Amino acid sequence: MTIPAVSKSDEGLYKCTNSEGESPESRMSVTGLSGLSGLYPPASLSIRPNRSQFFKLESVSLSCEVQGNSARWRVVRNTERGILSECSTDWGKQQGSSCNVSLIPSDSGVYWCEFGSGEHSNAVNITVHAGAVILESPALPVTEGDSVTLRCRYQGTPSNLTADFYKDGSLIRTETTGEMTIPAVSKSDEGLYKCTNSEGESPESRMSVTVNALMEEGSMSVMA
């Protein structure tokens, strides 16, 4: 398995299985470049709506946000089938700097922006679920201290069914409204989330939390 453009969202515990057995788990960590300027890639991929799970036939807009000329940046992806391609080849429709996609399950995969010279942006994971339940959680990293709401969404109506929320496989909360709010998210909230309700179970998605680098630098200056 190759991750073409690794990002903080790819941090986690990995293992593999084959016909001969199962490996132990190992944690992969991802570090940023040193210095404030190195924390930000030359381009960033934005996703609207900002979530990582979708029902089939829902639409998503992916854009390369670049300071300066974005003309030579393109949205590319690597699907779960291992097919690497760019928008408007056999998927998506390019409209200005955005790539609009009407999603089907085979669109599940990793998406990022790429420049001809090999530069790339952050990457986001998109899961297109053919089942009845998804978890609405941010596809992009959230900033420490922000309020984050996770929603267990049922494709039919009503959508506010009582839901159980899980983090890294363990039940953390049951909500009768079908949504769970973390008032001030912290690094300890990073992990794999899923939800279940009376209609079924969502896939898992990773929520990543970043530290506000400017606030961190400011606090260090005060301490100095």
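Reader: Which strand does β16 pair with in the antiparallel sense over 4 bridges?
Author: Strands here are DSSP runs of E, at least two residues, numbered from the N terminus, and two of them pair if DSSP finds at least two bridges between them. In this case, β16 (residues 148–154) pairs with β19, and Leu 150 stands opposite Met 180 in β19. This is a predicted model, where local features need pLDDT of at least 70, side-chain atom pairs count only at pLDDT 80 or more, and totals for chains, interfaces and linings use all residues. Residues are numbered from 1 along each chain as its sequence is written, and side-chain values use heavy atoms, leaving out hydrogens and water.

Reader: What is the order of the strands in this open sheet?
Author: The order is β14-β16-β19, with antiparallel pairing. Its edge strands, β14 (133–136) and β19 (179–182), each pair on one side only.

Reader: Is Ser 98 buried or exposed?
Author: Buried means under 20% relative accessible area, exposed over 50%, and partly exposed in between (1.4 Å probe, protein chains only). Ser 98 has 16% relative accessibility, so it counts as buried. Its place is in strand β11.

Reader: Which side chain does Ser 98 join through a polar contact?
Author: A polar contact is a pair of N or O atoms within 3.5 Å; within protein, one must be able to donate a hydrogen and the other to accept it, and residues adjacent in sequence count only if both atoms are side-chain atoms. Here, a polar contact of 2.6 Å links the side chains of Ser 98 and Ser 63.
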